[in-house]
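Thank you for asking me to look over this structure. Please keep the sequence and the 3D view at hand while going through the points below.

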Amino acid sequence: MAEETTIDRVDDSEEFLLEVKNLTVHYVLETERVEAVNDISFSLKKGRTIGLVGETGAGKTTAALSILNLVPGPLGVIESGEIVLSGNNVLKLSPKQLEKIRGKDVSMIFQDPMTSLNPVMTVGDQIAESVKLHEKVNNAAAYRRAMEMLELVGIPGMRASEYPHQFSGGMKQRVVIAIALACNPKLLIADEPTTALDVTIQAQVLDMIGQLKEKFGTAIVMITHDLGVVAEICDEVAVMYAGKIVESGTLDDVFNHTTHPYTEGLFYSIPKINNKKASLVPIPGLMPDPTKLPKGCAFAPRCAYAFEECSADKLSLRKINQTHSVLCRAYDNPDFHLNLKEGHNNA
Amino acid sequence: MPENLYENLFEVKNLIKYFKTGKGIVHAVDGVSFTIKPGKTLGIVGESGCGKSTTGRCIIRLIEPTSGEIIYKGRDICKISKAEMTKARKEIQIIFQDPYSSLNPRKTVSQIISEPLLHNRIIDRGDKDKLESRILELMETVGLAERLFNSYPHELDGGRRQRIGIARAISMQPDFIVCDEPVSALDVSIQAQILNLLKRLQTELGLTFIFITHNLSVVNYFADDIAVMYLGQVVEKAPAEELFDNPLHPYTKALLSAILVPETGKKRNRVMLHGEPSSPIDPPAGCRFSKRCNFHVSALCVPRDPPLVEISQNHYVACHCIERQ
């Protein structure tokens, strides 16, 4: 039985900035166990952007929190796995060492800018705070850096002396990004950074993240439920379902050569902007309860292609090509291909 | 059905809703006019704070409009008596964005669906069998399994909760439903289920919809006509296809180009807007979009509000610069 789902990797792992190997994170409650992240592996090179895509409860955020060893304890337990960040295993570092990494090597942006800023501190002081923590600079220099960072994210430096409530939602998110990038991290984890924003503001913020990425060569783990955001900003994609990565590859692999039935279902659930006539084909049913995950493929109960063996035992990741892999038993049959589109045309 | 008697099921004329606040008067809805033909869907799109939800609530008088006419089936519902309004309410329903906060957490699914039926004396409280069969019928129509009859809202996911809201709305056999961001809180796979359900109900029950959303892909899929709102005013209104193929107002252009398409290699020339919407509190006269407009801001834009002008058939735009061309 294929228990391990490790991907064969290019040998010299030196070139990877971040490597997540067989990570499993569970939330252990009194009576049950929420299997949030189940044996996922992915890696990211310098300056690249990977999108972790999935719906509510897919385990995207838990996976991202693990990278900074921030999974909320004591309920959240990293059961197994390794997270290697520039050669260090994050999960084995002491709290002191972690403190040094957080904000300096890795920064995080959260979804809701309202709750991630301190309401009683000026935004300038908040940006300067992280600079002072990680670099040997005096107050004046740190504040100057804060003003530069504000300019960089498109806010006049003069406004450094203002408080968060004086900014609009989009501006607050820019401030959060300025804080995250103040120490020029190698890796930025962005958890739904534009979900709370209006479309025109979302476009502004994504555009800005794209520019900063170019400028500083920051690698980004972008967590989102929006495939449009992924197409806009990511180089690589990992689609998550019920705590597993069901398909991963380059943007082109996943978007233009979709192989997993769930990924296909996601694409057919989105109204096409340029084809009004195309009808939506929703995925039937609901995501399984993470405390009672089925034994085999968690997507099998909702899958149009599922057959008996799918729910039987654990799956192993199948490599389609050098970059593209999929977690699906149907490909045991060499002739199998997805055909939701064809099936739909015939109907 | 007497629908054919009226060319327009709804006719809204110069709807205004101002809210008085400590800081000044919020011009939430400022002179909005539109018509909806029976069986059609009008989509209202815009960003947060543009007044789309207030418009939706005003036209069914959940919020009393400050002024304006709302003509439903030939009568101005702002002027009719309370008793007549109660009657009209049965025909006009609403589905809210957050299906959790719009359901009573202490009532079961069946109790929630039965409420409007009992309250409006459509079914007699004593007639248990009839009530139960009607509830089951409604649950089946919206795709709720029979076993959920005695479940509570907290036991259900967002999609099912939204189905309860829909069952309640159609229980009155309405002619018209305001859908206020009905799928915004749902995941895409569930969102598609609900959109298909609403579309099916529209054909089966001959419903007329106002579909309020910030999601342009959804509105394109759903609506026949689309009105784009900006800071309390309609800036452009056209049949859906026309609006997407040939947007005229600079704001509509920016809004459409900001849509993120889930396809590779589609990086289009994005019309990037600068800044953010100005405050709806005591807005100055003139085009409200002029501060962010990339197009061309002339002396014309400032002193007076641009009127909504019909540029081509059924295509209305409120922009001084386009009007002049």
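The numbered points below take up helix packing, aromatic pairs, selected residues and backbone angles.

1. This is a predicted model, in which local features need pLDDT of at least 70 and side-chain atom pairs count only at pLDDT 80 or more, whereas totals for chains, interfaces and linings use all residues. Residues are numbered from 1 along each chain as its sequence is written, chains are lettered from A and ligands numbered from 1 in the order in which they are written, and side-chain values use heavy atoms, with hydrogens and water left out.

2. In chain B, helix 5 (residues 158-170) packs on helix 6 (residues 188-205) at an angle of about 15 degrees, and their axes are 10 Å apart. Helices here are DSSP runs of H or I with at least four residues, strands are runs of E with at least two, and both are numbered from the N terminus; axes are lines fitted to C-alpha atoms, for helices over the stretch in contact, and angles run from 0 to 180 degrees between N-to-C directions. Helix 5 and helix 6 of chain B are therefore roughly parallel to each other (angles under 35 degrees count as roughly parallel, over 145 as roughly antiparallel, 65 to 115 as roughly perpendicular and the rest as oblique).

3. On the side of helix 5 of chain B the contact (heavy atoms within 4.5 Å) is made by B:G159, B:Q162, B:R163, B:I166 and B:I170, and helix 6 of chain B contributes B:I190, B:Q193, B:I194, B:L197, B:L198, B:L201 and B:L205. Sorted by class, this contact of helix 5 with helix 6 of chain B has 8 nonpolar, 3 polar and 1 charged residues, where Ala, Val, Leu, Ile, Met, Phe, Trp, Tyr, Cys and Pro count as nonpolar, Asp, Glu, Lys and Arg as charged, and the others, Gly among them, as polar.

4. From helix 3 of chain B, B:V109, B:S110, B:I113, B:S114, B:L117 and B:L118 meet B:L131, B:R134, B:I135, B:L138 and B:M139 of helix 4 of chain B, a contact with 8 nonpolar, 2 polar and 1 charged residues.

5. Over all chains, the structure holds 13 aromatic pairs (rings of Phe, Tyr and Trp, the last by its six-membered ring, pair if their centres lie within 6.5 Å; planes under 30 degrees apart count as stacked, over 60 as edge-to-face and the rest as tilted). One of them joins A:Y241 and A:F299, whose ring centres are 5.1 Å apart and whose planes stand at 85 degrees, so the pair is edge-to-face. A:Y241 lies in strand 9 (residues 236-241) of chain A and A:F299 in the loop between helix 10 (261-269) and strand 11 (318-319) of chain A, so the pair ties together parts that are 58 residues apart in sequence. Both A:Y241 and A:F299 are buried (under 20% relative accessible area; exposed is over 50% and partly exposed in between, with a 1.4 Å probe and protein chains only).

6. A:Y331 and A:F336 form another edge-to-face pair, at 5.0 Å centre to centre and with 90 degrees between the planes. A:Y331 is buried, with a relative accessible area of 15%, and A:F336 counts as buried at 17%. A:Y241, A:Y262 and A:F299 form one aromatic cluster.

7. What does A:Q202 touch, not counting residues up to four places away in sequence? Its partners are A:T194, A:L197, A:D226, A:V229 and B:L260. A:Q202 is found in helix 7 (residues 199-216) of chain A and counts as buried at 9% relative accessibility.

8. Most residues other than glycine have a negative phi. A:N22, in strand 1 (residues 16-28) of chain A, has a positive phi near 45 degrees and is partly exposed at 23%. A:A242 also has a positive phi, near 45 degrees, and is buried at 8% relative accessibility.
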